[in-house]
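Morning, everyone. Please look at the chain on the screen while I walk you through a few of its parts.

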Amino acid sequence: VTRVTAEEFRVWSQYVQGICGLTLDDSKGYLIEHRLGPLLAETGAASFSELYFKAKAEVGSKLRRRIIDAITTRETSFFRDTSPFELLRHKLIPEIVDVKTRLGRRPIPIRIWSAACSSGQEIYSVAIVLKEVLGDLSAYNIQLIGTDISDEAVAKASYGVYAALEIDRGLAADKTGRYFLPYNGGFKLRDDLRALASFRTMNLLEAFPPMQKFDVILCRNVAIYFSEPDKKRLFERLGGMLEPQGSLIVGSTESLTGLCPQLEAKRHLRSVYYQVAARQAAGIRS
Ligand SMILES: C[S@@+](CC[C@H](N)C(=O)[O-])C[C@H]1O[C@@H](n2cnc3c(N)ncnc32)[C@H](O)[C@@H]1O
């Protein structure tokens, strides 16, 4: 293994934070060695400094994108933590449909964003819940958007193919049989569900591209890697992307309390989610 020196670690942790927001404290030298080590061989760099200079000097962004693929933690699973999907099933989706039906919107638009979607399990779990709650989807205009900073993650998410092990994590056999087809020793999500979602690469710390607002945003298990100011700014901007009465769902270990006063915590059974506080929504500045 090529070791990272203290000076290299300092340079790399700054660089990594700059390209994807990931903050590495001093105990994380192994992470650079372990995750970026293979790129040394791949690029012919003899040390981590040389790899850094190659990345800084490159024309285009090919190496930078490989570094992002290598350094990000993309751990995810279908129906991860269960309760957010129960929240969607029993409360948020029925309420969205109810409000929009009363507004006379036809077909009923439903927009849900998985910000930091990794390989797609999160947004496809949402697709399965929508199918199960709504049944025939022809009366709805469903737009599921998955974004992630990693090209590899987005490519895999768009493909919608998972190994048996990935399926086993979170999906009961009856769901697998109903929503997936056997494919090359793994499983492929049914086309009608896959077609509900579209994916693109996006760095959450950069300005969002123009998008319509969302009924639900899931931003789970990504801001845990960011600095406090980055975290705060991200959640504030996500709040600005919510439809009136839209909901933001964060990871089970995350909380916005004390971080974003404009987002108000709501509770449903074991779940917490956030909505833009009423006085903010009404445009009243406090
Ligand atoms: C641990 S996964 C979480 C996936 C899913 N949301 C979940 O909770 O299971 C974190 C994801 O965030 C992505 N990510 C990291 N930094 C990001 C950034 N600055 N912008 C967008 N996505 C980022 C990673 O590529 C990774 O796929």
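Some terms before we go on. Helices (H or I, at least four residues) and strands (E, at least two) are DSSP runs, numbered from the N terminus. Two strands pair if DSSP finds at least two bridges between them. In general, strands of a sheet pair through backbone hydrogen bonds, either parallel or antiparallel.

And the ground rules. This is a predicted model, in which local features need pLDDT of at least 70 and side-chain atom pairs count only at pLDDT 80 or more, while totals for chains, interfaces and linings use all residues. Residues are numbered from 1 along each chain as its sequence is written, and side-chain values use heavy atoms, with hydrogens and water left out.

Back to the sheet. Over how many bridges do E4 and E5 pair? Strand E5 (residues 186-189) pairs with E4 over 4 bridges, in the antiparallel sense. Tyr183 has Gly186, in E5, as its bridge partner. In the loop between E4 and E5 you find Asn184. Its phi is near 45°, a positive value in a residue other than glycine. Is Asn184 buried or exposed? Asn184 is exposed, because its relative accessible area is 73%. The cut-offs: buried is under 20% relative accessible area, exposed is over 50%, and partly exposed is in between (1.4 Å probe, protein chains only).

Next, strand E1. Of its 8 residues, 8 are buried. As a rule, side chains in a regular strand alternate between the two faces of the sheet. In E1, both faces are covered. Ile108, Ile110, Ile112 and Ser114 are buried on one side, and Pro109, Arg111, Trp113 and Ala115 are buried on the other. E1 pairs with strand E2 (residues 140-148) in the parallel sense, over 8 bridges. Ile108 has Tyr140, in E2, as its bridge partner.

Now the loop between helix H5 (83-102) and E1, where Pro107 lies. The peptide bond from Arg106 to Pro107 is cis, with omega near -15°.

Step into H5 itself, which holds Ile93. Ile93 counts as buried because its relative accessibility is 0%. What does Ile93 touch, leaving aside neighbours within four places in sequence? Its contacts are Leu88, Val129, Leu130, Val133 and Leu134. Contact means heavy atoms within 4.5 Å. Ile93 and Val129 are 36 residues apart along the chain, and their C-alpha atoms are separated by 9.1 Å.

Phe79 sits in the loop between helix H4 (62-71) and H5. It has a positive phi of about 50°, although it is not a glycine. Phe79 counts as buried because its relative accessibility is 12%.

On to helix H11. Buried in H11 are Asp230, Lys231, Leu234, Phe235, Leu238 and Gly239. The cover over them includes helix H1 (6-20), strand E1 (108-115) and strand E8 (242-250).

E8 contains Val250. Val250 is buried, because its relative accessible area is 7%. Not counting residues up to four places away in sequence, Val250 touches Cys219, Arg220, Phe235, Leu256 and Tyr274.

One more pair of strands. E9 and E10 pair in the antiparallel sense over 6 bridges. They form a hairpin with 2 residues between them, and Leu269 in the turn has a positive phi of about 50°. Glu264 has Gln275, in E10, as its bridge partner.
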